[in-house]
Amino acid sequence: MNISLKVWRQRNKSADGEFKTYKVEEVSPDMSFLEMLDMLNELLVKRGEDPIAFDHDCREGICGTCSMVINGRPHGPIKGVTTCQLHMRSFSNGDTIVVEPFRARSFPIVKDLVVDRSSFERIMIAGGYVSVRTGNAPDANAIPINKHDADEAFNAAACIGCGACVASCKNSSAMLFVGAKISQYALLPQGQVEAKERVLNMVAAMDAEGFGNCSNTGACEATCPKGINLTHIARLNRQYTTALLS
Ligand code: SF4
Ligand code: FES
């Protein structure tokens with residue numbers, strides 16, 4: 001396949017950015033999107049040009065670092081697939097593909113496609129943990145938890161903290177991310193000890209980081225590569241209201 005890439009290039013946080021177009025030839029349909037970028041970067045290095053900066057780590061859909069917007073959609077065109085697991089066979093020979101960083105005030109651009117998502121880390125520090133001793137794996141089985149709650153907590157724990165929900169939201173809301181993190185603990189007995197402080201502190205941290213409010217458009221759910229759904233935002237709202245009134 002031969003493709004054209006229109007890529008956002010920006011030297012640093014304060015520099016002006018612009019799209020630059022690159023031709024990439026002999027792309028294998030079986031390459032991942034990131035492998036195609038690796039190939040382009042090798043070409044750029046050989047030509048003495050600055051390679052495109054982009055985030056990646058696991059390349060298997062579990063770390064959440066491969067943040068970029070591909071043809072207007074965070075993580076690209078395939079529902080439930082992270083950028084690192086997107087393959088070039090999802091595009092056609094001759095396509096022009098537009099690649100941009102996540103755009104949100106709380107995710108400032110570091111360079112090219114790399115954004116600073118440490119705002120998510122600060123929200124987690126505010127309450128995304130349990131302080132009780134949970135023992136080893138066999139100890140967890142000693143506490144009976146009904147199947148529905150166990151499944152819901154597990155689904156919430158699938159959130160990889162990628163930030164696509166924020167990037168797809170017109171308000172740059174982090175409610176789906178925070179909802180998933182709150183649900184993960186709210187549904188399990190181990191999460192009850194600091195439940196009230198957790199939801200109040202995580203919402204306060206979210207607001208302090210400048211994320212917008214949820215206006216129920218559902219773009220986050222539609223874009224989330226891990227299928228985190230809006231019921232977690234509803235649970236977050238219930239937990240928050242209950243904590244405020246208690
Ligand atoms: S809720 Fe989904 S889109 Fe948002 S950070 Fe978690 S995995 Fe990414
Ligand atoms: S590089 Fe880890 S999820 Fe994509």
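**Salt bridges, pockets and the ligand shell**

Lysine 111 is partly exposed, with a relative accessible area of 24% (buried means under 20% relative accessible area, exposed over 50%, and partly exposed in between, with a 1.4 Å probe and protein chains only). The model is predicted, so local features need pLDDT of at least 70 and side-chain atom pairs count only at pLDDT 80 or more, while totals for chains, interfaces and linings use all residues; side-chain values use heavy atoms, with hydrogens and water left out. Residues are numbered from 1 along each chain as its sequence is written, and chains are lettered from A and ligands numbered from 1 in the order in which they are written.

Twelve salt bridges are found in a search of the whole structure (a side-chain nitrogen of Lys or Arg within 4 Å of a carboxyl oxygen of Asp or Glu). In one of them, aspartate 50 pairs with lysine 111, and the closest N and O atoms are 2.9 Å apart. Helices (H or I, at least four residues) and strands (E, at least two) are DSSP runs, numbered from the N terminus.

Aspartate 50 also forms a salt bridge with arginine 9, with 3.8 Å between the closest N and O atoms. This pair, too, links distant parts of the chain: arginine 9 is in strand β1 (residues 3-9), aspartate 50 is in the loop between α1 (33-46) and β3 (69-70), and the two are 41 residues apart. Aspartate 50 is partly exposed, at 39% relative accessible area, whereas arginine 9 is buried, at 11%. A network of salt bridges links Arg9, Asp50, Lys111 and Asp112.

A further salt bridge joins the side chains of arginine 235 and glutamate 152 (3.3 Å, N to O). Arginine 235 belongs to helix α9 (residues 231-245) and glutamate 152 to helix α4 (residues 147-157), distant parts of the chain 83 residues apart. Arginine 235 counts as buried at 11% relative accessibility, and glutamate 152 is buried with a relative accessible area of 13%.

The largest pocket has a volume of about 250 Å³, a volume being the space filled by probe spheres set on the grid points, which are joined across faces, edges and corners. Its lining includes Arg9, Asp50, Lys111 and Asp112. Strand β2 (residues 18-24) gives the most to this lining, with three residues. The lining of the largest pocket divides into two nonpolar, one polar and nine charged residues (Ala, Val, Leu, Ile, Met, Phe, Trp, Tyr, Cys and Pro count as nonpolar, Asp, Glu, Lys and Arg as charged, and the others, Gly among them, as polar).

The second largest pocket holds about 190 Å³ of space. Of its 13 lining residues, Arg117, Phe120, Glu121, Ile160 and Gly161 lie nearest its centre. Two or more lining residues come from each of α2 (118-127) and α6, and α2 gives the most, with four.

Around ligand 1 there are 13 residues, of which Cys159, Cys162, Gly163, Cys165 and Cys224 come nearest (near means that a heavy atom of the residue lies within 4 Å). The shell comprises eleven nonpolar, two polar and no charged residues.

Definitions and conventions. 1 Å grid on protein atoms, 1.4 Å probe; cavity = no way out; pocket = protein on both sides within 12 Å on 5 of 7 lines; lining within 4 Å.
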